[in-house]
Amino acid sequence: MWPNISAAPFLLTGFPGLEAVHSWISIPFFAIYISVLLGNGTLLYLIKDDHNLHEPMYYFLAMLAGTDLTVTLTTMPTVMAVLWVNHREIRHGACFLQAYIIHSLSIVESGVLLAMSYDRFVAICTPLHYNSILTNSRVIKIGLGVVLRGFLSLVPPILPLFWFPYCRSHVLSHAFCLHQDVMKLACADITFNRVYPVVLVALTFFLDALIIVFSYVLILKTVMGIASGEERAKALNTCVSHISCVLVFYITVIGLTFIHRFGKHAPHVVHITMSYVYFLFPPFMNPIIYSIKTKQIQRSILRLLSV
């Protein structure tokens, strides 16, 4: 049986009922997209260019910035096309690929935040062995593992989408493709596609969050054992940026989950807005957090501006 590629294209949706002001809505969206691209692009450039940032902590930060940059570049074309020129059509193959990249990168981001917590755990709990534990080769292996986990785990639910017949409405509820949106339009048994994501979320987002919390319990225990108050504050200060990024990411995940599960009577525009918050807020905030809270990044920015 060949993939179902001859059916009518899907139709993306902006903000229902607000089509008349899409051009105005596009202005803050475009500003946020540009800010995300500039912020994360600058972080990547600084980490590549400044040898003082060639450390495991910043390699993981580069992975976070790269993930945010890629997910933004994946959603930006269709979102802006809908808001600017009302171009709503998207072919099945392009839609499934977009959904695959978006969902994979969400799991990658969770994995990167977990890797960053491991970096902080090693740096604070076993500082004398930091360089011997987090070698460049080990950082590369961790990075590859995080990426492979994200992209391989999304193959099982995305692949069946190519073979499903779509005989219902072809209208999607967002200006980008999501697995849960597409599968609802299929005229087929989607039991696996309903169950698998729930299990996947439990084994990735939920498990990652538990491990991150556990690592910080151990970090806090170690820090409280440090005699000097100044040293305690210095050790905790190295974790502030990461903790902030973790909170930004998981609060948006929890918010989106609550809206979808318990906000059935909320206006549809609330669901759509929360989805945009989930995909845009962490990539927008992460560079700001690290620029404000990390002195090495601040020095690199000042050095770049003074050239």
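Predicted model: local features only at pLDDT ≥ 70, side-chain atom pairs only at ≥ 80, totals over all residues.
The UniProt record, an unreviewed entry, assigns the label "transmembrane region" to residues 30-47, 59-85, 97-118, 139-163, 195-219, 240-263 and 269-290. Two of these spans can be compared with the model itself. Residues 195-219 are 100% helix and 0% strand, and the C-alpha atoms at the ends of the span are 35 Å apart. For residues 269-290 the composition is again 100% helix and 0% strand, with 32 Å between the end C-alpha atoms.

Helix α1 gives a view of how one helix is placed among others. This helix runs over residues 22-49, a total of 28 residues. From its first C-alpha to its last, α1 reaches 39 Å, close to the 40 Å expected at 1.5 Å a residue. Its buried residues are His22, Ile25, Ser26, Phe29, Tyr33, Val36, Asn40, Leu43, Leu46 and Ile47. These buried residues pack against three helices: α2 (56-85), α10 (268-293) and α11 (295-305).

The cysteines come next. Taking a disulfide as a pair of cysteine sulfur atoms within 2.5 Å, the model contains two disulfides. One of them joins Cys95 and Cys177, whose sulfur atoms are 2.0 Å apart. The torsion about this S-S bond is about -120°, so the disulfide is left-handed. Cys95 belongs to helix α3 (residues 92-125), while Cys177 sits in the loop between α6 (155-158) and α7 (179-183); the pair therefore ties together parts that are 82 residues apart in sequence. With a relative accessible area of 0%, Cys95 is buried, and Cys177 is likewise buried at 0%.

The other disulfide links Cys167 and Cys187, with 1.8 Å between the sulfur atoms. This link is left-handed too, with -120° about its S-S bond. Cys167 lies in the loop between α6 and α7, and Cys187 in the loop between α7 and α8 (191-224), so this pair ties together parts that are 20 residues apart in sequence. Cys167 counts as exposed, at 59% relative accessibility, whereas Cys187 is partly exposed, with a relative accessible area of 23%. When the bonded cysteines of the chain are numbered in sequence order, the pairing reads 1-3, 2-4.

Cys239, by contrast, takes part in no disulfide; the nearest cysteine sulfur to it belongs to Cys125 and is 8.9 Å away. Cys239 is buried, its relative accessible area being 1%. Cys245 is also in no disulfide, and the nearest cysteine sulfur, that of Cys239, is 12 Å away. At 1% relative accessibility, Cys245 counts as buried.

The structure holds two cavities of 30 Å³ or more, and the largest cavity has a volume of about 100 Å³. The lining of the largest cavity consists of Asp68, Val71, Ile102, Leu105, Ser106, Glu109, Phe249, Tyr278, Phe279, Pro282 and Pro283. Helices α2, α3 and α10 each supply at least two residues of this lining.

Terms used. Residues numbered from 1 in each chain as written. Heavy atoms only, no water. Helix = DSSP H or I, 4+ residues; strand = E, 2+ residues; numbered from the N terminus. Expected span 1.5 Å × (residues − 1). Buried < 20%, exposed > 50% of the residue type's maximum accessible area, 1.4 Å probe, protein only. Contact = heavy atoms within 4.5 Å. UniProt positions renumbered as here; feature names shortened; annotations may be inferred. 1 Å grid on protein atoms, 1.4 Å probe; cavity = no way out; pocket = protein on both sides within 12 Å on 5 of 7 lines; lining within 4 Å. Points joined across faces, edges and corners; volume = space filled by probe spheres on them.
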